[in-house]
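Trainee: I have this one open on the screen now, could we walk through it together?
Mentor: Gladly, ask whatever comes to mind as we go.

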Amino acid sequence: MEFLQPTTWEEAVETKAAHPDAVPIAGGTDVMVAVNFGRLRPARLLDLTRVPDLQQWDTEDGVVRLGAGVPYARVIGELGDRLPGLAMAARTIGSPQIRNRGTVGGNLATASPAGDAHPALLAADAEVEVASVRGTRRIPVADFYTGVKRSALADDELVAAVRITPPSGPQQYSKIGTRNAMVIAVAAFGLALHPDRRAVGTGIGSAAPTPRRAPAAEEFLAGELDGLWDSRAELPPATAARFGELVAGAAAPIDDVRGTARYRVHALSVMARRTLTWAWAEYRKGETRCA
Amino acid sequence: MSTPTRSPSGAPSHLTGPGGGRVGDDAARPDGVLKVRGEFAYGSDLWMDDMLWGVTLRSPHPYARIRSVDVGPALAVPGVHAVLTSDDVPGSKTYGLELADQPVLAVDVVRYQGEPVALVAADHPETARRAAARIAVDYEVWEPVTDAREALGHPHWNRVHETEAPVTELSRESAHLHPEGNLVRHVKVRKGDPDATADVVVVGEYEVGMQDQAFLGPESGLAVPAEDGGVELYVATQWLHVDQRQICAALGMPPERVRLTLAGVGGAFGGREDLSMHVHACLLALHTGRPVKMSYNREESFFGHVHRHPATMRYEHGATRDGDLVYVRAQIYLDGGAYASSTPAVVGNAGTMGIGPYVVPNVHVDCYGAYTNNPPCGAMRGFGSVQTAFAYEAQMDALAAELGMDPVELRCRNAMEQGSPTPTGQVVDSPAPVAELLRRLQAMPLPPSPATGADADLRDMPGGVSNTTHGEGVRRGVGYAVAYKNVAFSEGFDDHSTARVRLEVVGGEPTVTVHTAAAEVGQGLVTVEQQIARTELGVDRVVVAPKDTAVGSAGSTSASRQTYVTGGAVKAACEAVRARVLERAAALTGWPVGDLRLFDGAVVAEGLQLPLAEVLGDDAVEETLEWRHRPTEALDPETGQGFAHVQYAFAAHRAVVDVDTELGLLKVVEMACTQDVGKAINPQAVVGQIQGGTAQGLGLAVMEEVLVRDGRVRNPSFTDYLIPTVLDMPPMRIEVLEYADPHAPYGLRGVGEAPNISSGPAVLAAIRQATGLPLTRVPVRPEHITRT
Ligand SMILES: Cc1cc2nc3c(=O)[nH]c(=O)nc-3n(C[C@H](O)[C@H](O)[C@H](O)COP(=O)(O)OP(=O)(O)OC[C@H]3O[C@@H](n4cnc5c(N)ncnc54)[C@H](O)[C@@H]3O)c2cc1C
């Protein structure tokens with residue numbers, strides 16, 4: 001096995017172009033599991049941990065550009081205020097060791113329907129910045145997932161960063177697992193209220209072949225909130241319940257070892273209702289977050 | 001004596017220090033610092049420079065006939081040194097703890113998914129794995145038998161085994177292999193009136209899923225061919241001598257030529273009672289003339305050891321309106337999987353103790369162990385008592401509800417005590433403080449409710465940091481359960497241990513060396529051995545020799561028995577050494593032996609202090625003793641009556657559980673445990689056993705299950721076989737009682753299993769109280785609580 005270790009971003013992109021079969025490795029928390037289980041025997045590994053650009057985040061025109069190689073522990077520690085939904089999702093991932101190594105870039109490239117970053121990125125309308133020697137493109141995250149563990153990433157491309165506009169309103173993330181830590185999602189839900197745009201963002205995890213949004217629920221809720229953004233009045237319980245039902249309706253889950261399809265649908269409706277209740281209570285208190 | 005062979009790195013060394021700690025003290029472990037620092041060598045760390053790596057080709061099918069095996073393509077892989085099949089097994093082709101029914105390598109038929117079919121040795125593990133994948137096995141796939149009750153219901157149809165297997169010395173005398181069906185053992189317990197009636201009757205059906213031991217150190221060992229044509233095997237195991245017996249039979253070699261040494265064991269819990277890679281590595285080593293290491297990965301480990309028997313159980317309890325139990329009738333079905341393993345003994349336990357620590361005049365229990373094509377099941381901590389406790393304790397709660405009684409009151413009213421008769425006609429002849437254990441739990445303060453809403457700490461909530469509730473839908477339940485468990489081997493088995501103790505002066509310092517074959521699997525027996533020697537011989541420096549077959553059998557590290565039985569043997573050997581030393585001192589000094597004692601490295605009496613160096617000079621005093629607990633008897637095959645169990649251990653739990661009733665997620669808020677241990681030899685280790693046993697019981701109650709469908713395991717990894725994390729296992733309140741058992745050394749009781757038995761049922765009781773649901777299956781899943 002060849003171990004390729006570029007030290008600059010240009011070199012990384014060129015190496016990937018020269019060896020499209022090279023498997024990138026960032027935190028290795030997916031790659032090494034596959035290797036240890038004998039499911040992956042790459043001819044080449046492309047180590048991205050020495051590429052400084054990937055380990056950084058900054059803000060451009062108010063948008064956070066999060067390098068693909070920033071581990072979850074730093075998302076939680078450094079970006080909890082700017083990217084609350086993603087930080088909450090990161091907090092649910094694995095154990096401290098996994099959060100120290102695992103990255104959003106790795107989560108995206110694996111594109112598992114159970115990846116925890118996805119619902120948060122969907123709700124926040126994030127963009128994935130991918131690059132190759134052919135150039136850079138930005139993919140709305142909803143278009144990034146193309147199938148079970150498949151993404152829009154081409155063979156010669158690498159994930160450079162994710163771009164996320166810091167929220168104008170509360171965000172929430174909620175995940176079901178059958179133990180209270182270190183668990184793969186049975187179902188997950190991300191919510192973002194966008195008072196500036198009078199819009200609602202959602203993301204569903206582990207309940208369809210790919211992470212997906214719940215457009216009908218977003219539209220319904222945006223409509224219901226139309227009169228409430230300014231008054232910050234109480235949200236009728238029926239609205240939260242209906243929102244929950246619509247989110248659940250957007251799912252297309254299966255039965256597997258982790259849970260039944262029926263439970264996933266049910267759990268999504270509860271998570272969507274509860275997270276909306278929490279987010280709205282926060283909004284009513286005026287705790288809107290500004291970039 | 002054995003021919004000296006080079007020893008591998010990672011072989012065990014003598015354990016000394018850290019010094020101090022007698023019986024009853026919180027003694028520090030001699031292996032503790034090494035383990036905490038990550039310097040302790042486990043079986044998977046064994047290494048020799050010229051070693052080969054062995055791998056196992058396993059059956060992908062739960063049930064199939066092997067039409068042919070072509071090893072040619074594997075042998076052709078460069079770097080491969082041997083490819084072996086059952087044809088290469090020189091001795092007995094089958095082995096087993098109680099019935100020798102399990103092929104060393106599959107012979108004509110595979111009976112479970114993962115059954116070993118062939119072996120490869122190569123100079124690199126990856127090469128060996130690739131070669132194994134090239135072995136061409138032609139299977140005729142058969143429909144597996146996957147339901148224990150169905151398997152038993154059709155005695156002439158679909159027999160998993162064609163022939164009767166020879167029984168071993170470990171077999172239960174009353175265990176009869178049904179010659180024409182899938183029955184491994186049927187235990188009948190008959191007491192009183194089989195047709196008794198009662199005012200109040202509750203009936204329930206219960207199901208327990210398949211739990212795995214989930215030890216962290218996978219099966220590993222290294223076999224080294226010896227110059228005398230024999231083999232040295234370093235292996236992580238639970239009972240060196242029972243392994244040796246089975247390996248000798250398979251290799252067709254006498255015990256002198258098959259020498260075992262215990263490698264570092266990373267947990268066992270019953271999962272290492274059966275052979276795994278033992279014979280395989282020896283075969284490859286003898287075949288190639290090279291040391292051969294085998295070390296399973298996590299996935300293979302799930303196929304490489306037995307699991308806890310899944311159970312289906314029907315119970316009927318009858319009581320008077322006042323709450324006195326009148327009768328219990330139960331049918332218990334245990335799925336033993338493809339091979340017997342210790343199923344006969346597990347059936348014995350589940351049958352004889354299956355109604356719990358209660359006094360019941362009329363008992364009618366039928367307990368069956370069945371062959372199926374599911375993964376083989378055998379020993380796991382709690383051994384048959386875990387499954388039944390879920391049923392009998394749920395029944396006690398249901399009965400209490402029916403009677404309008406407090407569940408603890410009902411239990412105390414019917415609790416076993418010293419002098420009580422058991423369902424098998426034994427009289428409990430040592431303290432049995434069942435009611436006291438429960439009352440003490442009841443008297444403990446309850447934990448406060450956590451903050452909710454905006455102030456909620458997610459770690460206190462069901463769902464934990466996954467942020468599923470801030471208090472919404474959460475209801476609290478409190479549940480109690482009590483359990484008892486036999487300690488040591490039962491039903492007439494000659495249960496003994498051997499200890500060799502040597503006292504000498506080394507470098508001016510009196511030193512005791514304790515040599516036993518008792519497997520240290522993490523439980524702390526090495527510390528107990530040191531404490532006993534220090535106590536009996538008044539010497540601080542006690543060295544624990546590596547565990548090996550150069551000394552006689554210590555019996556199994558299971559059944560909560562080693563502190564009792566090997567502890568008893570070490571104590572007896574120390575007493576024999578002491579007697580000889582004091583005789584010497586008496587001869588030297590003229591003092592009467594009766595006035596002399598050993599204390600602080602000297603022989604002392606009123607006005608005498610003679611250092612051991614002066615008594616012993618350059619001599620060593622050594623004694624090797626076999627020690628046995630008082631004998632037990634076989635069960636009567638028709639009535640299940642007999643003095644079958646030598647000692648009982650008792651534990652009780654109170655569980656406090658917060659349930660998110662809408663999402664079906666849980667937070668176990670607190671576990672409280674009371675346990676009678678007779679005498680806490682090492683109180684700190686006792687508490688450790690209670691915490692660990694409780695966690696493992698909690699795991700089965702709420703998450704741990706090997707999911708099997710159509711004979712196939714669906715979750716053979718820690719990705720989907722979940723065990724509790726620090727956010728699932730709460731802090732504990734523990735009270736340890738010490739009511740001496742007059743029949744046992746120091747009055748002690750085995751500790752390790754009892755807390756594993758009552759913990760899960762208490763959790764279930766709490767969840768039922770919080771939800772009002774019957775919840776008759778464990779582990780409880782969110783789907784059961786939300787009914788989705
Ligand atoms: C014990 C454990 C617990 C876990 N728990 C969770 C959990 O709770 N939630 C969750 O979502 N995940 C979990 N995971 C999975 C894993 O940690 C995450 O998916 C993580 O985000 C992967 O990031 P990484 O940097 O480690 O990726 P790697 O393993 O390095 O790579 C993952 C994939 O991404 C590719 N890749 C990495 N970086 C790039 C890049 N810049 N451009 C293109 N391709 C790239 C790799 O080739 C590979 O295909 C867990 C894993 C383990 C081992």
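Trainee: Which domains is chain B divided into?
Mentor: Keeping in mind that this is a predicted model, chain B is divided into domain 1, made of 43-144 + 218-265 + 272-304, domain 2, made of 307-490 + 634-786, and domain 3, which covers 496-628.

Trainee: And what separates the centres of domain 2 and domain 3 of chain B?
Mentor: Taken over C-alpha atoms, the centres of domain 2 and domain 3 of chain B are 38 Å apart, and the two are in contact through 19 residues of domain 2 of chain B and 17 residues of domain 3 of chain B.

Trainee: What area is buried there, and which residues supply it on the domain 2 side?
Mentor: About 1400 Å² is buried between domain 2 and domain 3 of chain B, with carbon and sulfur atoms giving 65% of it. On the domain 2 side, B:Ile681, B:Pro745 and B:Tyr746 supply 36% of the area buried against domain 3 of chain B, more than any other three residues.

Trainee: How many salt bridges cross that interface?
Mentor: The rule finds 0 salt bridges between domain 2 and domain 3 of chain B.

Trainee: Switching to the chains, how many salt bridges are there between chain B and chain A?
Mentor: The count between chain B and chain A is 5 salt bridges, and one of them joins B:Glu126 to A:Arg41, whose closest N and O atoms are 2.5 Å apart. Chain B and chain A bury about 3100 Å² between them, 51% of it on carbon and sulfur atoms, and the contact takes 41 residues from chain B and 32 residues from chain A.

Trainee: Now the sheet in chain B, what is the strand order?
Mentor: It is an open sheet of 7 strands in chain B, in the order 3-7-1-14-11-12-13, with mixed pairing. Strand 3 (80-84) and strand 13 (258-262) of chain B each have a single partner strand, so one side of each is left without a neighbour in the sheet. Neighbouring strands of this sheet are turned by 20° against each other on average, direction ignored.

Trainee: How do strand 3 and strand 7 of chain B run, parallel or antiparallel?
Mentor: They run antiparallel, with 4 bridges joining strand 3 of chain B to strand 7 (residues 116-122) of chain B, and B:Leu84 stands opposite B:Leu119 in strand 7 of chain B.

Trainee: Which strands does helix 3 of chain B lie across?
Mentor: Helix 3 (residues 125-133) of chain B lies across strand 1 (52-58), strand 3 and strand 7 of chain B, running at about 30° to strand 1 of chain B.

Conventions:
Residues numbered from 1 in each chain as written. Chains lettered and ligands numbered in written order. Predicted model: local features only at pLDDT ≥ 70, side-chain atom pairs only at ≥ 80, totals over all residues. Heavy atoms only, no water. Pairing = 2+ DSSP bridges. Helix = DSSP H or I, 4+ residues; strand = E, 2+ residues; numbered from the N terminus. Axes fitted to C-alpha atoms, helices over the stretch in contact; angles between N-to-C directions. Contact = heavy atoms within 4.5 Å. Domains from an automatic or database assignment. Buried area = accessible area lost by both parts, 1.4 Å probe. Salt bridge = Lys/Arg side-chain N within 4 Å of Asp/Glu carboxyl O.
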